[in-house]
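Let's walk through this one as a few quick questions and answers. Here is the model.

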Amino acid sequence: MSSKTIIAPSLLAADFSDLRNEVEMINKSNADWLHLDVMDGVFVPNISFGIPVISSLKKHSSKLFDVHLMIVQPENYINAFHKVGADILTVHIEASPHLHRTIAAIKETGMQAGVALNPHTSVSLLKDIIADIDLVCLMSVNPGFGGQSFIENTYSKVEELKELILSKNANTLIEIDGGVTNKNAPQLIRSGADVLVAGSYVFKADNPLLNIDLLKK
Ligand code: DX5
Ligand code: ZN
């Protein structure tokens, strides 16, 4: 079971003055995806990077691009992110009054569609859409910043979401984002997590490749 866990290092914790080398370091690792956090300063109280940066990095990466939009009106940027190489595009449920339409528009491009939930948002809100979603990103910190500590309530949300997915016979992946380390990874995987995002635990480490392998185990 654990050998199939997908590891997605979050570039938010990388050295922004040396992004090409950081991406090439991840190419050499056993990570599966690269997680890219786009923040607009409106949906979250921080601004990160956007479409031109992702476009430039795509040329140097061999990993699947997992783009996490922490922006208002994400539906306005679906084609733009598709064009620059997003493979998975995740929007926040809290920023998406017409989620069903947005999911359909993402899938229409050929990308996989993800939905992210803030820590206070109940997984029960996904009951009528879960079968249409490729990935649910459960935020295990409040979005906006790397390096925060993991919210313990996430374990029970993973279990509840896993039950919902099984009850609807869906293939939706469960992704955990925020404060993930080798300390909480085993219980997350036991609870039903499929994808672990890790920013600080990978990029701030002395040996990022080793830490990626530790998460995989
Ligand atoms: C937070 C971002 C996360 C963040 C995780 O808003 O969505 O992807 O980069 O960073 P760590 O692993 O340091 O909590
Ligand atoms: Zn993220």
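Q: How far does a polar side-chain atom of Ser200 lie from an oxygen atom of ligand 1?
A: This is a predicted model, where local features need pLDDT of at least 70, side-chain atom pairs count only at pLDDT 80 or more, and totals for chains, interfaces and linings use all residues. Residues are numbered from 1 along each chain as its sequence is written, ligands are numbered from 1 in the order written and chains lettered from A, and side-chain values use heavy atoms, leaving out hydrogens and water. For Ser200 and that ligand 1 oxygen, the distance is 2.5 Å.

Q: How much of ligand 1 does the protein bury?
A: Areas here follow the Shrake-Rupley method with a 1.4 Å probe. Taken alone, ligand 1 exposes 380 Å². Of that, the protein buries 99%.

Q: Which strand gives the most to the shell around ligand 1?
A: Strands are DSSP E runs of at least two residues, and helices are H or I runs of at least four, numbered from the N terminus. Strand 2 (33-39), strand 3 (64-70) and strand 8 (195-198) each supply at least two shell residues. The top contributor, with three residues, is strand 2.

Q: Which residue forms a salt bridge with Glu24?
A: A salt bridge puts a Lys or Arg side-chain nitrogen within 4 Å of an Asp or Glu carboxyl oxygen, and the structure holds four. With the closest N and O atoms 3.2 Å apart, the partner is Arg20.

Methods. Polar contact = N/O pair within 3.5 Å; in protein donor to acceptor, adjacent residues only side chain to side chain.
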